[in-house]
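I opened my notebook for a friendly walk through this one. Here is what I looked up, entry by entry.

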Amino acid sequence: LVVDGTAVRLALLHDQGLLCQIACNCTTVLCCRLSPKQKAEIVSLVKRTKGRPIVAAVGDGANDVSMIQEANIGLGIMGKEGRQAVRCSDFGFAKFHCLARALLVHGHWFYLRGATLVQYFFYKNIVFITPQVYFSLLNGESPQPIYLSVYLMLYNTIFSASPIVMYALFEQNYTDSVLLSRPELYKLHRNNSLMSWSQFFQWMAVGIWHSLVVYFVPVLTLGVNSVFLSNSTPMDTAAFGVTVLHNIIIVVNLKLAIHSSYWTQLFVISEIVSIFSFIIFSYVYNKIFIVTTRQSLYYVYSLLIVSPNFWLLSLLSVVISFLPDIILKVLQNQRFRRLQLPSWLPTRRKGVFVLPTLRGAKP
């Protein structure tokens with residue numbers, strides 16, 4: 001469809017709905033000789049269409065400023081007419097050819113990282129808090145906490161913080177060469193697929209499953225054998241709480257490692273540091289004689305970590321927790337094969353684990 005300024009003015013004046021309906025049924029719409037106001041009106045019209053699409057406007061001159069400001073995302077290019085478009089835009093570029101990499105590569109990566117970042121925070125806090133609900137319901141709605149208060153402060157700040165930061169900075173599900181050579185990959189997330197309700201509930205369902213496993217596997221195991229400490233004494237509330245939290249720290253950090261497709265050295269180090277920071281802190285903290293009115297961790301963790309039963313319980317909890325994740329990855333891999341896309345399985349290259357490139361794509 002090709003329309004000029006006069007046709008656009010008449011259509012906007014008499015029947016905007018018809019213009020929008022015809023334009024949406026066309027593959028490409030070319031509007032020429034438009035005034036700055038008409039450009040902004042066209043962008044506003046597209047934003048109000050069914051489905052409320054996210055509109056990006058690209059301009060290189062002062063006459064594009066109103067259009068750029070009206071769009072959801074404004075992209076300005078430095079041109080011969082000055083830098084007015086760049087100054088009023090959300091993102092500025094020196095050359096037009098930079099748009100391809102910005103949209104197809106960095107846009108793809110940024111959306112993946114941001115969507116996972118948001119949903120992972122919901123997931124890891126569900127895994128952390130829900131066992132407290134189970135503990136309360138199964139103990140006569142007792143208000144007694146299952147974790148020490150110090151763990152409530154350090155869980156999100158130290159024990160599970162650095163891996164998701166590294167993920168949000170460096171994650172790549174496809175290499176840049178693949179994304180540039182296969183522009184159709186942009187359509188995978190064009191409809192906000194990673195932030196849909198189905199994806200959100202999938203993360204929440206996995207979080208509920210992991211919380212059930214890390215809590216009830218120790219509970220069921222205690223019904224068979226309550227002796228987990230190395231001095232052959234039964235497990236009390238403090239020991240049970242730190243056992244559950246120990247499993248949670250391992251599960252939530254390894255969950256991100258399984259979900260990630262790009263293992264940089266910093267990401268692997270952050271995973272190791274997060275897990276061992278909990279172990280080291282708990283070991284040092286339990287050496288301090290701190291007795292509260294409810295719980296005492298004095299020498300509890302020291303007796304746990306030297307007990308073979310404790311590590312077997314942790315291994316069992318982790319393996320059972322990740323069974324759905326492994327099945328989901330296998331199904332995802334089969335789907336990618338049908339679509340002739342790279343699988344999720346990583347390969348080693350230049351110090352990091354990355355996805356394999358597509359056939360014909362430059363490495």
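Predicted model: local features only at pLDDT ≥ 70, side-chain atom pairs only at ≥ 80, totals over all residues.

**Annotated spans.** I began with residues 266–285, where the chain is 100% helix and 0% strand and the end C-alpha atoms are 27 Å apart. I had picked this stretch from the UniProt record, an unreviewed entry, which lists residues 110–134, 146–170, 237–254, 266–285 and 297–328 under "transmembrane region". I also checked residues 110–134: that span is 100% helix and 0% strand, with its end C-alpha atoms 37 Å apart.

**Nonpolar patch.** Which residues make the nonpolar surface patch of about 620 Å²? I found Trp 263, Val 268, Ile 272, Phe 276, Ile 280, Tyr 283 and Val 284. I then placed Trp 263 in the loop between helix 11 (237–259) and helix 12 (265–285). Its relative accessible area is 30%, so I noted Trp 263 as partly exposed.

I turned to the strands next and found an open sheet of 3 strands in the order 3-4-5, with parallel pairing. Strand 3 (56–59) and strand 5 (91–93) stand at the edges with a single partner strand each, so one side of each has no neighbour in the sheet. On average, neighbouring strands of this sheet are turned by 20° against each other, direction ignored. I looked at one pairing in detail: strand 3 and strand 4 (residues 73–77) run parallel over 4 bridges. There I saw Gly 59 opposite Gly 76 in strand 4.

Asp 176 pairs with Arg 101, the closest N and O atoms being 3.1 Å apart. The two link distant parts of the chain, with Asp 176 in helix 9 (residues 176–181) and Arg 101 in helix 6 (residues 98–137), 75 residues apart. Asp 176 is partly exposed at 27% relative accessibility, and Arg 101 is partly exposed at 33%.

Glu 184 and Arg 182 meet through their side chains at 2.1 Å, N to O. Glu 184 is partly exposed at 37%, and Arg 182 is partly exposed at 21%.

Asp 325 forms a salt bridge with Lys 255, with 2.5 Å between the closest N and O atoms. Because Asp 325 lies in helix 15 (residues 323–338) and Lys 255 in helix 11, this pair ties together parts that are 70 residues apart in sequence. Are its two partners buried or exposed? I noted Asp 325 as buried at 4% relative accessibility, and Lys 255 as buried at 7%.

Note on methods:
Residues numbered from 1 in each chain as written. Heavy atoms only, no water. Patch = residues over 30% accessible without salt bridge, like charges linked within 9 Å, V, L, I, M, F, W, Y side chains within 5 Å. Areas by Shrake-Rupley, 256 points an atom, 1.4 Å probe, with all protein chains shown as cover. Salt bridge = Lys/Arg side-chain N within 4 Å of Asp/Glu carboxyl O. Buried < 20%, exposed > 50% of the residue type's maximum accessible area, 1.4 Å probe, protein only. Pairing = 2+ DSSP bridges. Axes fitted to C-alpha atoms, helices over the stretch in contact; angles between N-to-C directions. UniProt positions renumbered as here; feature names shortened; annotations may be inferred.
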